[in-house]
Amino acid sequence: MADEAENAGQGENAHGGLEAGLEVAIGTDHGATDAAGMPQLDFATFDNQIFWLILTLLAIFFVLSKIALPRISAVIAERQGTLTNDLAAAEDLKRQAAEAEESYNTALANARAEAQKIAQETRDEIQAQLQVEIDKADAQIAARASEGEARIAEIEAGALATAEEVARDVAAEIVRALAPGQDVDADAVSAAVTARVRG
C-alpha cells in the first residue's frame, strides 16, 4: 500500500511538471501574457519592427519601380498608341467614306444628266424619223390621190364618151322612129347630142 501511494504521488508530480513545462513551451504562462500584451505594441521591439518595415517598403518599392511599373507603363503606352492609331484609322475611313459618297453623288448626277441627254436625243431622233415617215406617207398619199384623180377623170371622160355615143345612137333611133322613111343626118344628130351633153 505504501508503495502504491508513493507511485501515485510521483505520478502526480510528474504530471504537474509536464503541465508546467508545456505552459512555458507554448507561452501560456498567464502571468507573462498579461505582462507583455500584444508583441506589436511592445516598445522593446519597435526598433526591429521599424527596420523590417523600412526594409519591406524598400523591397516593395524596388519591385514596383523596376518590374511592375515599367510593365504597366508599357501596357498603357501600347494601349494609348493603339487607341491613337485606331482613331487615326477611323478618321481616315471617315474621310474615305465622305469622298466615296461625294464621288457616288457626282457619278449619279452625271448618270442622270447623261440619261436625260440620251433620252432627249432618242426623242429627237424618233421625231425626225417619224417626220420623215409622215412626209413619205404624205407624198405617197398625194401621188395616189393624183393617180386616183387622173383615173377618175379618165373614167369620167370614158363615161362621157360612152354616154355621148349612146345618146347619139338613141337620138338617131328616136329620129328614125319619129320620121320613118327619111334619112337621118348622123352628123347633125351627133352635133346636137354633143352640144346638149356638154351644155
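This is a predicted model: local features need pLDDT of at least 70, side-chain atom pairs count only at pLDDT 80 or more; totals for chains, interfaces and linings use all residues.
## Buried or exposed?

A residue counts as buried when its relative accessible area is under 20%, as exposed when that value is over 50%, and as partly exposed in between (1.4 Å probe, protein chains only). With that in hand, here is this protein: of its 199 residues, 4% count as buried. The protein exposes about 16,800 Å², an area that comes from the Shrake-Rupley method with a 1.4 Å probe.

Residues are numbered from 1 along each chain as its sequence is written, and side-chain values use heavy atoms, with hydrogens and water left out.

## The overall layout

How many helices and strands does the protein have? There are four helices and zero strands, where helices (H or I, at least four residues) and strands (E, at least two) are DSSP runs numbered from the N terminus. Read from the N terminus on, the elements go α-α-α-α. Helix H3 covers residues 46-178, and it turns up again below.

## Aromatic pairs

Next, the rings. Rings of Phe, Tyr and Trp (its six-membered ring) pair if their centres lie within 6.5 Å; planes under 30 degrees apart count as stacked, over 60 as edge-to-face and the rest as tilted. A search of the whole structure turns up two such aromatic pairs. Phenylalanine 43 and phenylalanine 46 have ring centres 5.1 Å apart and planes at 65°, so their pair is edge-to-face. Phenylalanine 43 is exposed, because its relative accessibility is 69%, whereas phenylalanine 46, at 30%, is partly exposed.

In the pair of phenylalanine 51 and tryptophan 52, the ring centres sit 5.3 Å apart with planes at 70°, so this pair is edge-to-face too. Phenylalanine 51 has 48% relative accessibility and so counts as partly exposed.

A salt bridge here is a side-chain nitrogen of Lys or Arg within 4 Å of a carboxyl oxygen of Asp or Glu. The structure holds three of them. Arginine 95 meets aspartate 92 at 2.3 Å, N to O; both lie in helix H3, three residues apart, or about one turn of the helix. Glutamate 99 meets arginine 95 at 3.0 Å, N to O. Why are glutamate 99 and arginine 95 separated by about one helical turn? Because they are four residues apart in helix H3.

The remaining bridge joins arginine 151 and glutamate 154 (3.5 Å, N to O), and these two also lie in helix H3, three residues apart. Shared partners link Asp92, Arg95 and Glu99 into one network.

## Surface patches

Patches are made of residues with over 30% relative accessible area and no salt bridge: like charges are joined within 9 Å, and nonpolar side chains (Val, Leu, Ile, Met, Phe, Trp, Tyr) within 5 Å. A nonpolar patch is formed by Leu53, Leu57, Ile60, Leu64, Leu69, Ile72 and Ile76, with about 650 Å² of accessible area together. Leucine 53 sits in helix H3 and counts as exposed, because its relative accessibility is 51%.

There is a negative patch as well, made of Glu114, Glu121, Asp124 and Glu125. Lys and Arg count as positive and Asp and Glu as negative, while His and the chain ends are not counted; each charge is placed at NZ of Lys, CZ of Arg, CG of Asp or CD of Glu. Glutamate 125 is in helix H3 and, at 48% relative accessibility, counts as partly exposed.
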